[in-house]
Amino acid sequence: MKKTLTKSSQRFLSICKRMPLFLLFILTLLLNTKSASAQSPYCNSPHTSTLACNNYEWYVGEIDISQGGTSIFNKANDQCNANVSTTHYHLMSTTASFDLQAGANYTLFVGSSGSGYTGHRGVWIDLNGDNDFTDAGDFFVNIPYTGNGSVNITIPCNVVAGNTRMRVRSRYWNYGAYVKSNACSSEFYGETEDYTMSLSKASGLSSDFFVADTSYLGTPVNFVNSNQSGYIAHDWTIDGTSHTTTNVTRVFSAAGTYSAKLVSENCLGKDSTTKSFDCSSYCSSSC
Ligand SMILES: [Ca+2]
Ligand SMILES: [Ca+2]
Ligand SMILES: [Ca+2]
């Protein structure tokens with residue numbers, strides 16, 4: 001005898017038939033939610049204005065990191081490359097785009113278009129690589145923007161080597177300077193850019209430099225450091241005069257044998273090297 005399904009049974013069977021589609025919908029929703037949090041596992045850093053972040057120039061523009069006048073990382077002014085749908089957040093690189101060394105000094109520049117609107121730039125680096133910017137050692141600096149500006153930064157010795165994250169945020173002047181706890185705060189105007197970068201630590205300590213065995217009076221003598229980067233400080237003593245630059249150029253006015261000492265310091269300590277060289281009267285090719 002043929003059974004007739006009740007209305008409630010028919011409704012139940014209908015729901016069961018649609019269940020795979022329903023589960024697919026939930027799964028799609030979850031995946032979309034995950035991709036919207038692209039900075040995971042780092043915290044969100046939203047800017048809630050519905051305006052494009054370049055409306056008043058409060059975007060993150062050019063970034064340059066240099067050491068001793070040589071740029072080691074540069075991103076041209078890209079204005080607002082995040083947008084409203086991503087709450088003005090943009091992960092700039094998923095692979096390490098530059099390396100900073102423990103104990104080294106750098107010049108950090110974060111620019112904008114130079115419009116009349118002033119603002120602040122906050123920069124954080126997760127120095128211990130544990131996916132947050134809140135530890136006592138994590139790096140933070142605020143760069144007030146009243147024109148283009150730069151700051152000098154030092155990477156401390158107690159970093160964790162390996163890939164990590166740098167975060168750069170901008171916001172309108174009236175909202176005040178960024179403070180360290182603002183790495184994940186909800187802002188109104190502005191933009192956030194994240195960079196995958198790496199940190200490294202010195203594996204050795206060795207002071208050394210090159211100077212020609214013989215130089216000539218009145219002619220520049222170059223003392224070229226064997227360690228052009230990665231050191232905290234260099235302390236030269238050349239003929240009794242101190243210098244603290246990486247390399248030194250001197251001109252001597254008296255013939256004789258001179259001494260040059262270089263003490264170099266990195267996170268492992270200090271090491272010194274002393275060399276002597278002769279300075280002679282100029283000798284033409286005819287002698
Ligand atoms: Ca930008
Ligand atoms: Ca951290
Ligand atoms: Ca932590």
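Modeller: pLDDT is the predictor's confidence in each residue, on a scale from 0 to 100. The structure above is a predicted model, and its chain averages a pLDDT of 84, with 80% of the residues scoring at least 70.

Colleague: Over which residues is the pLDDT below 50?

Modeller: Where pLDDT is low, the predicted coordinates should not be read in detail. One such stretch is residues 24-37, which has one contact in the model beyond near neighbours in sequence. Another is residues 283-287, with a pLDDT below 50 and zero contacts of that kind.

Colleague: How many helices and strands does the chain have?

Modeller: One helix and 18 strands. Of the contacts with a separation of 6 or more, 73% are between residues 24 or more positions apart.

Colleague: How do I read a sheet, and what is the strand order in the open sheet of four strands?

Modeller: Strands of a sheet pair through backbone hydrogen bonds, either parallel or antiparallel. Here the order is S2-S1-S5-S8, and the pairing is antiparallel. Strand S2 (70-75) and strand S8 (149-154) form the edges, each pairing on one side only. On average, neighbouring strands of this sheet are turned by 20 degrees against each other, direction ignored.

Colleague: Which residue stands opposite Asp64?

Modeller: Asn74 in S2. The antiparallel pairing of S2 with strand S1 (residues 63-67) runs over five bridges.

Colleague: What is the order in the open sheet of three strands?

Modeller: S11-S13-S16, again with antiparallel pairing. Its edge strands are S11 (209-210) and S16 (248-250). Strand S13 (residues 221-225) is joined to S16 by three bridges, and Phe223 stands opposite Val248 in S16.

Colleague: Now the interior. Which residues have the most contacts inside the largest nonpolar core?

Modeller: In soluble globular proteins, nonpolar side chains tend to be buried together. In this chain of 287 residues, 27% are buried. The largest nonpolar core has 34 residues, and those with the most contacts inside it are Cys53, Leu100, Val110, Val123, Trp124, Met166 and Val168. Elements giving two or more residues to this core include S1, strand S5 (105-110) and strand S6 (119-125). Phe209, Phe223, Val248 and Leu262 belong to a second, separate core of six residues.

Colleague: What does Trp124 contact, leaving aside its neighbours within four places in sequence?

Modeller: Trp124 is in contact with Phe133, Asp138, Phe139, Phe140, Met166, Arg167 and Ala183.

Colleague: Is His88 buried or exposed?

Modeller: His88 counts as buried because it has 31 C-beta neighbours inside 10 Å, and 20 or more are required. Gln79 has 16 other C-beta atoms within 10 Å, so it is partly exposed.

Colleague: Why does Ser272 count as exposed?

Modeller: Because Ser272 has 12 other C-beta atoms within 10 Å, and a residue with 12 or fewer is exposed. Ser272 lies in strand S18 (residues 269-280). Not counting residues up to four places away in sequence, Ser272 touches Ser207, Lys261, Leu262 and Val263. His234 is 38 residues from Ser272 along the chain, and their C-alpha atoms are separated by 9.6 Å.

Methods:
Residues numbered from 1 in each chain as written. Chains lettered and ligands numbered in written order. Pairing = 2+ DSSP bridges. Axes fitted to C-alpha atoms, helices over the stretch in contact; angles between N-to-C directions. Core = buried A, V, L, I, M, F, W, Y, C linked by C-beta atoms within 7 Å. Contact = placed C-beta atoms within 7 Å.
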